[in-house]
Amino acid sequence: MTVPKALEVISELVKTAPEVLVGAGTVLNEEMARKCADAGAQFLVSPGFNAPTVAVAQTLDLLIMAGALTPTEVMTAWDSGADFVKVFPCGNLGGPNYIRALKGPLPGVPLVPTGGVNLDTAADYIRAGAAALGVGGELAPKEALQLRQAEVIRTLAARFVELVKGARVPTTAKTERVAEAR
């Protein structure tokens, strides 16, 4: 919701690209959540935890990724009914090692690191236990957006997908592939 005319962008994307799952980020409160839903957003993401925002997302049957940073905040967001917990800004607190540390006592909470996720760290986050990744400028560089270079974004997206798939391959399958290559 920090993008100028974000609600209009959401509405236009929903109409022109029905095959795309369109969400809204930086949703800070219940009113903003309702406006995003009215515009057609299919999921919501918040930078921090706001109980009324999670509650309205549940009422509207929208997936919500509530933000958290500390173990207490992660537990509060998860217990409130968030579908995923966005760990922000994860890169500033130890990156993949922080996700690994949180997963120890909270193995059932689907954590999504944001802030500091890039092509160099993506696989490490997945191996540390991240359920998904929140990627911003590393996926859609400002210059590519300004110059409408969709191919740059598609190429970066494909690279992220390959890294995630590779990181999710079970160790035994990796071992088998290495043995076959020899």
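Me: Which residue is the bridge partner of Leu44 in β3?
Reply: This is a predicted model. Strand β2 covers residues 43-45 and strand β3 covers residues 63-68. The two pair in the parallel sense over three bridges. For Leu44, the bridge partner in β3 is Ile64.

Me: And which residue in β3 does Val45 stand opposite?
Reply: Val45 belongs to the stretch 43-45, which is β2. Its opposite number in β3 is Met65.

Me: In what order do the five strands of the open sheet lie?
Reply: The sheet is open and its pairing is parallel. β1 (23-24) and β5 (111-113) stand at the edges. Each has a single partner strand, so one side of each is left without a neighbour in the sheet. The order is β1-β2-β3-β4-β5.

Me: How many of the six residues of β3 are buried?
Reply: Buried means under 20% relative accessible area. Strand β3 is largely enclosed by the rest of the structure, because the buried residues number five of the six.

Me: At about what angle does helix α5 run to β5?
Reply: Helix α5 spans residues 96-103. The helix lies across two strands, β4 (84-87) and β5. Its angle to β5 is about 165 degrees.

Me: Which residue's backbone nitrogen does the side chain of Thr53 reach?
Reply: Thr53 touches both Asn29 and Glu30. The side chain comes to 3.4 Å from a backbone nitrogen, and that nitrogen belongs to Glu30.

Me: What is the relative accessible area of Glu30?
Reply: Glu30 lies in helix α2, residues 30-39. Leaving aside neighbours within four places in sequence, Glu30 is in contact with Asn50, Pro52, Thr53 and Val56. Glu30 still counts as partly exposed, because its relative accessible area is 32%.

Me: How far apart in space are Glu30 and Pro4?
Reply: In sequence, 26 residues separate them. C-alpha to C-alpha, the distance is 20 Å.

Me: Which element gives the largest share of the lining of the largest pocket?
Reply: About 1,800 Å³ of space lies in this pocket. Elements that give two or more residues to its lining are α1 (6-16), β1, β2, β3, β4, α7 (142-146) and α8 (150-168). The largest share is five residues, and it comes from α8.

Me: Which residues lie nearest the centre of the largest pocket?
Reply: The lining is made up of 44 residues. Those nearest the centre are Gly25, Phe43, Val135, Gly136 and Leu139.

Me: Is Asn92 buried or exposed?
Reply: Asn92 lies in the loop between β4 and α5. C-alpha to C-alpha, Asn92 is 9.9 Å from Thr114, 22 residues apart in sequence. Its relative accessibility is 63%. The cut-off is over 50%, so Asn92 counts as exposed.

Me: Which residue's backbone nitrogen lies 2.9 Å from a polar atom of the side chain of Thr121?
Reply: Thr121 is found in the loop between β5 and α6 (122-128). At 18% relative accessible area, Thr121 is buried. Beyond four places in sequence, Thr121 touches Pro96 and Gly116. The backbone nitrogen at 2.9 Å is that of Asn118.

Note on methods:
Residues numbered from 1 in each chain as written. Predicted model: local features only at pLDDT ≥ 70, side-chain atom pairs only at ≥ 80, totals over all residues. Heavy atoms only, no water. Pairing = 2+ DSSP bridges. Helix = DSSP H or I, 4+ residues; strand = E, 2+ residues; numbered from the N terminus. Contact = heavy atoms within 4.5 Å. Axes fitted to C-alpha atoms, helices over the stretch in contact; angles between N-to-C directions. Polar contact = N/O pair within 3.5 Å; in protein donor to acceptor, adjacent residues only side chain to side chain. 1 Å grid on protein atoms, 1.4 Å probe; cavity = no way out; pocket = protein on both sides within 12 Å on 5 of 7 lines; lining within 4 Å. Points joined across faces, edges and corners; volume = space filled by probe spheres on them. Buried < 20%, exposed > 50% of the residue type's maximum accessible area, 1.4 Å probe, protein only.
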